[in-house]
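User: I would like a close look at one part of this model, the surroundings of its ligand, followed by the contact between the chains. Please keep the account careful and connected.

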Amino acid sequence: MTVTDHTRATADAAHSHGVGTAPDASRADRPTSFDPEVFGVPNGREEQWRFSALADLKPLLALEGGEGHLAWDVPELPAGVSFVEVPADEAQARSVRAPGDRASAVAVARSGGAMALKVDANAVIDEPIAIGMHGAGEDVRGHLLVEMGPGAEATVVLTRTGSAQYSEFVSVDLGDNAGLNLVLLQQWDADAVHAGEVVARLGRDSRLRGSVVTLGGKAVRLNTSAAFAGEGASVDLFGLYFADAGQHQEHQLFVDHAVPRCTSRVTYKGALAGKTARTVWIGDVLIRKEAEATDTYELNRNLVLTDGARADSVPNLEIETGEIEGAGHASATGRFDDEQMFYLRSRGISEDEARKLVVRGFFADLIHEIGVPAVESSLMKLIELELEQIEEDEDA
Amino acid sequence: MSTLEIKNLHASVETPDGTKQILKGVDLTIKSGETHAIMGPNGSGKSTLAYSIAGHPKYTITEGTVTLDGEDVLAMSVDERAKAGLFLAMQYPVEVPGVSVSNFLRTAKTAVSGEAPKLRTWVKDVKKSMDDLRMDSSFAERNVNEGFSGGEKKRHEILQMELLEPKIAILDETDSGLDVDALRIVSEGVNRVKENTGLGVMLITHYTRILQYIKPDYVHVFVNGRVAEEGGPELAERLEAEGYDRFLVDA
Ligand SMILES: Nc1ncnc2c1ncn2[C@@H]1O[C@H](COP(=O)(O)OP(=O)(O)OP(=O)(O)O)[C@@H](O)[C@H]1O
Ligand SMILES: [Mg+2]
C-alpha cells in the first residue's frame, strides 16, 4: 500500500483519499484533486499508468508550458445554446468533480480558464452541434465544460484535427432528465500527443450517450468517467479505435453506480495493425452498496490484423450489493489469422479487400451506435484510409 | 472446355522437426465434366494436394507443375487462382467472425467475375441455391461459418461453389460427417452444378457412399503422397472391400 496523505487532497468528491492506489484497491479510493501535486509524477508502476505511453505523455505532466492554443471552429449556435469563456476559479467550481490524475489536473491548472458549452433547460436542439478543434503543432492545456440544463437535449460532436501536444479536462454535467449525445473524434495527425479526461455526472433520469473515436495521434490517452447522481439515469459509452504502426492508444473507463436503478453499457472495439501498434483498454465499473437494481454490462473487443501489435484489455467489476438487475463484462482479443485470410482469398477476394471485409464487419454495428449520420458515413471512409495505411506500411 | 493438369507435383511443409516431404510426384489431369474420386488412407497427402493447388502458403512446391488451360497456376496468387476458375471446398471450413455470409458471397462473386452482380438476379440466385441446399435464409445474416454445424459448413461450401461457378472444383471430404439426408442434399447440389456449368470435379473421400450419388468417371488411389493406382468406378468397390493394405505394402 502506498502511504496516503489526506491533508493535501481537496475534499471535492466523497472519496478523495490521497495519493496512489494498490492494484487491488477499490476504484472508489482513487484521489481526485485540482492540485497536480496531490498525484505526484507517475513512474509507470501505478495501476492507472502501467500501460501508458509515459515517455510521450511526460511533457503533459509537467507544471510548465502549455501556452499554445487550438483553433476552435464553432458554428453559429441555435437559440438556447451558448459557448463562452469562463475564468479559472469559476471553471473549477462548475466542474462536476476534480481531475482524477496528474495529466488532467495539470490541464486545468495551466489552461487559464475553461470554455463552457451550455444548453439551457428544456432546450431541444435537433441538429448536431459540431465543433472543430485544430492544432497547429502547439503545446496546449484545455478545460472544457459541457452543461446540459434540466430537460435539455443535444448532440455535440468535437472533432480534433491537426497536431498538438494537448491535455484536457472535460466536465460534462447532465441536469435531471437531460439527454446528451457527445461524440469525441480524435483525428489527429500522426505526431500529436493527447491526454484527456472526460468526467460526467448524470442527474436523475438523464441519458448520456458518449462515443469516442480514436484514429490519429502518436499517443492518445483518453479516460472517461460517468457517475450517477440521481436515480433512473442511463449511460452508453461507445469507443472505436484503430492503431497502426507507431501509435499508442489508451482508453480507460469508469462507471460509478452510486445510486439505485441506473443502467450502464460500455462497448469499445479496437483494431490494430502494424508491428508497434499498441492499444490499452481498462474498464472499471463500481456498483456501490446503495446502487440497488443496477444494470450494467461492459465489453471490449480487439482485432489484431498483423503480427507484432499488442492489445491490453482489463475489465474490472466491483460489486458491493447483491440487489442488482444484472452485471457483466466481456473482453476478447482475436486475431485475423492466416487461415481466415487464406479462406477469403481462396474465394477470389484480394488481400486488401479481405482485410476491409473483416474490419468493416467488426466495426459496422458500433458505428451505427454513434447516432450522427454525418459522422457514421465519414467514419467508414476514415477506417478504409487506415487500412490503406497498412498496405503502404507492408509494401515499405 | 477446361483442363487442370498436375504433373510430377512435389510439395513439402515446414515442421518443428524440419522439412517434411508430403507430395511425392502427383500426376493427374481433370477435364470439364469429369469427376475424379481420390481415395486414400489418413495422412496420405490428399488435403495437401488440394491446398497446394489452391495455393495455401503453408505448403512449398518443390517440383512439378500445375496448369489450368495451359496457364501456370503455381505462379498465381491464391485469389488469382480462384479468379482463374479453381474452387476448393475445404475439409475444415474456416470461421470468419464479423463477416456475414451474404456480404461474403457478394464480395467473392464480385471479385471472381470482375463486376458486381446485378442485385435482383443475385438475390434470387442466392435464395434459390440456399433453398436447394436446405439452408435457412437466416444463414445469410450469420457470420461466415461461425457456429455452423459440420453439415452446415459443408453445405455452405457447396453454396459458394454453385454461386461462384468455377471451372474445376476440388471437394476435400465434403461428405465426411454428413448424415444420409445431408449427403443427398449436398450431392444433388454438386450434380446440379455439374449439369449446369460442366464443372470438373476432384472428389476427395474416404467413403464409397457418396459415389452412389456422384458417379465418378475415374478413381485414383492416393498413397504416400502420390497416385498409386487408377481405374474406373469398380476400383472404389474393391477399395471398400479390401482397404488400402495392398498399396501400403508397396509403399
Ligand atoms: N502443417 C503441417 N505440419 C506438419 N505436418 C503436416 C502439416 N500439414 C500436413 N502435415 C502432414 O502431412 C501428412 C499429410 O496430411 P494431409 O492432411 O494432406 O493428409 P490427408 O490425406 O488429407 O489425411 P486425412 O484423410 O486424414 O484428411 C500428414 O502426415 C500430416 O500430419
Ligand atoms: Mg485431408
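Which of the 17 residues around ligand 1 come nearest?

Analyst: This is a predicted model, in which local features need pLDDT of at least 70 and side-chain atom pairs count only at pLDDT 80 or more, while totals for chains, interfaces and linings use all residues. Residues are numbered from 1 along each chain as its sequence is written, chains are lettered from A and ligands numbered from 1 in the order in which they are written, and side-chain values use heavy atoms, with hydrogens and water left out.

Around ligand 1 there are 17 residues, of which B:Asn42, B:Lys46, B:Ser47, B:Thr48 and B:His206 come nearest; a residue counts as near if one of its heavy atoms lies within 4 Å of the molecule. By class, this shell has four nonpolar, nine polar and four charged residues, where Ala, Val, Leu, Ile, Met, Phe, Trp, Tyr, Cys and Pro count as nonpolar, Asp, Glu, Lys and Arg as charged, and the others, Gly among them, as polar. The elements β1 (3–15), β2 (18–31) and α1 (46–54) of chain B each supply at least two residues of the shell, and α1(B) gives the most, with three residues; helices (H or I, at least four residues) and strands (E, at least two) are DSSP runs numbered from the N terminus.

Oxygen atoms of ligand 1 lie 2.9 Å from an N or O atom in the side chain of B:Asn42, 2.8 Å from a backbone N or O atom of B:Ser47, and 2.5 Å from a polar side-chain atom of B:Thr48. The protein covers 70% of the 630 Å² of accessible area that ligand 1 has on its own, as computed by the Shrake-Rupley method with a 1.4 Å probe.

Turning to the chains, the contact (heavy atoms within 4.5 Å) takes 16 residues from chain A and 34 residues from chain B. Together chain A and chain B bury about 2,000 Å², 67% of it on carbon and sulfur atoms, buried area being the accessible area (1.4 Å probe) that two parts lose on being put together, summed over both. Of the area that chain A buries against chain B, A:Phe342, A:Tyr343 and A:Arg347 supply 41%, more than any other three residues. A:Arg347 also forms a salt bridge with B:Glu157, with the closest N and O atoms 2.7 Å apart; the term requires a side-chain nitrogen of Lys or Arg within 4 Å of a carboxyl oxygen of Asp or Glu.

Notes. A polar contact is a pair of N or O atoms within 3.5 Å; within protein, one must be able to donate a hydrogen and the other to accept it, and residues adjacent in sequence count only if both atoms are side-chain atoms.
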